[in-house]
Amino acid sequence: MTISKDLIRGHTDTIILNILNQGDSYGYQVSKSIRILSQQQYELNEATLYTAFRRLEKSGDVVSYWGDETQGARRKYYKITATGQQNLAVALQDWEFAKDIINRLITDTIAKGDVS
Amino acid sequence: MTSIEMEIRTRLDVIFSKYKPNSELTEFKEELVADLMEAYQDFAKQDKSHDEALDDTFDQLGDIDTVLRELSQKTSADESSQGDKKKKTPFFDISDDGFHVGNLHINNQGVRLGDDIVIDGKHDKVQFGEWLHVDHDGARVGKKYYQFNDDMTMNHAQFENDKNTTAPHWATAHHNVQIPISDKKFIFNYKDTAINFYTNDKTDLITVDEYFSRDNARYFAAVTEDDDRVLISQGEQPLLFHVRSLINIGLPKNFEKGRIKILNHSGRITAHDLILDTFDIVIHAGSFKGHNLKAKNAIWEINSGSIQVDELSLQGAEIFNKSGSIKLKNATIPHAKISVTSGSIQADNFVGGGQFSVEAGPLRLRVSKLTDDLKLRANASTVRVTAPETQDFNFDLSVRSGVINMERNTNINFEKNVDNYKRGVYGQNPEFTIDAAIDSGTIKIY
């Protein structure tokens, strides 16, 4: 069983922002963090990840900078901005509000008396 | 620059070469080099050889063409009209990416006409305007939604927890049949449902629990018996209104002589913790997922769908999948015969031997131990085999058009060593042969 792409699609940006909010990171490490946070249940497609980075950069949620690795290739790090943190907070509020309602909508049965 | 970095750069150059260079693409390439080098280090811990780890690294990267296309078009769009996000594509265009006329697009993902008519092969989705949507989860016609039998209780957690064989929340009818075991063959004939096999707590009874979303005795299965078989066949299925159903089939412990055959036209079959003599499966469209299965004989036939099994031990197995994937993990099959027409085969930690064939699609084997010759056949494919670490073997590899890479350098003796044919011995005392012949593509032995 894997989590359906349709279900998670709208949350890709929030997932990335949540990870970057805990510290600057780069592509491969973010994809690893996603695997770990989901307990190996979800793997974000790399193409989706790099597209999301670009989208977030354009919208001002993150900025990027090059690392100063002394050996090997230089990594491109992403850093969450104040706007990104605000948007993350908003997304979290939205989610908190929506999750219980969606859960009720898709699992609850209508008891007699609920509908007049 | 290390040699790994050089090789990663060279491979990226090939991928990037299709696109008109610009600064965004160059920057993206630099980003990928660092990320891929780290991914390589991780694979190198698990894989034995350098090339194997490199191939796995790029496999994991997947298809970045969409990103590249976007980045390469960004500047050309910026030059012409600022801030225009819409991709500029010519009215008529044929390339490796597909075929486009106006808003009709045909490529390896499927067929799309505007946003209204979509046939998406990659995500198995069909859509005609607002009126009809069909995908894995269900079908919507007009305002009616039909969910496919893909019950949420059928998740991986169930494999760890047998007790999850209780009634699903939507069930309004429950039908239970108990059938004493015998040495007859038990044939379950279902057309369209979700079926789950598990080991029950009985000693000599097969238990069948059927759950339905609507109550009607006509839906219940019927059991008939003759001299050499017991047939359990699905009850009536209403044509007009879909009835959701789930069938839990419990097999008794110590049923090593049991011979089971299951037919399901479309739907999903799961099975876990079974020890049987024979376990045959026929699925027209759907999936089979198994965990911890052991049988002397197994014939699995799937027309389109997927097979995914972890911890499998079969004496003899014939597995066919016309279109779809076969994924085996920790499998011991001394005499395997596994074939896919279009799709992929992957076996990790494989012990055994036999024949694997694909018409079109990748074949990836990580062999821990050979107990027989390995015969690999493919038409158009990438065949990648990790040979056992400590076992010597003969090899005989041929490609009509393409390349062969024998990634081992020491301890190897070639009898014949040309670009498209390599034969020889690895080690001193080979017992078995890895024999691979494909029409076009790549063979790699690690």
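**Close-ups of the chain A and chain B contacts**

Between chain A and chain B the count is four salt bridges, a salt bridge being a side-chain nitrogen of Lys or Arg within 4 Å of a carboxyl oxygen of Asp or Glu. This is a predicted model, where local features need pLDDT of at least 70 and side-chain atom pairs count only at pLDDT 80 or more, while totals for chains, interfaces and linings use all residues. Residues are numbered from 1 along each chain as its sequence is written, chains are lettered from A and ligands numbered from 1 in the order in which they are written, and side-chain values use heavy atoms, with hydrogens and water left out.

**View 1. The interface of chain A with chain B.** Here 20 residues of chain A touch 28 residues of chain B, contact meaning heavy atoms within 4.5 Å. About 2,100 Å² is buried between the two chains, and carbon and sulfur atoms give 53% of that. Buried area is the accessible area (1.4 Å probe) that two parts lose on being put together, summed over both.

**View 2. A salt bridge between Arg54(A) and Glu31(B).** Over all chains, the structure holds 31 salt bridges. In this one, the closest N and O atoms of Glu31(B) and Arg54(A) are 2.7 Å apart. Glu31(B) sits in helix α2 of chain B and Arg54(A) in helix α4 (residues 46-58) of chain A, so the pair joins two chains. Helices (H or I, at least four residues) and strands (E, at least two) are DSSP runs, numbered from the N terminus.

**View 3. Helix α4(A) against helix α2(B).** These two pack at an angle of about 130°, with axes 13 Å apart. That makes α4(A) oblique to α2(B): angles under 35 degrees count as roughly parallel, over 145 as roughly antiparallel, 65 to 115 as roughly perpendicular and the rest as oblique. Axes are lines fitted to C-alpha atoms, for helices over the stretch in contact, and angles run from 0 to 180 degrees between N-to-C directions. Tyr50(A), Phe53(A) and Arg54(A) meet Phe28(B), Glu31(B), Leu32(B) and Asp35(B).

**View 4. Helix α3(A) against helix α2(B).** Helix α3 (residues 27-37) of chain A packs on helix α2 (residues 23-46) of chain B at about 50°, with axes 8 Å apart. That makes α3(A) oblique to α2(B). Gly27(A), Tyr28(A) and Lys32(A) meet Asp35(B), Glu38(B), Ala39(B) and Asp42(B). The contact has two nonpolar, one polar and four charged residues.

**View 5. Inside chain B, helix α1(B) with helix α3(B).** Helix α1 (residues 3-16) and helix α3 (residues 50-61) of chain B pack at about 40°, their axes 12 Å apart. That makes α1(B) oblique to α3(B). Residues of α1(B) in the contact include Ile4(B), Ile8(B) and Leu12(B), and those of α3(B) include Leu54(B) and Phe58(B). The contact divides into six nonpolar, one polar and four charged residues.

Definitions and conventions:
Nonpolar A, V, L, I, M, F, W, Y, C, P; charged D, E, K, R; others polar.
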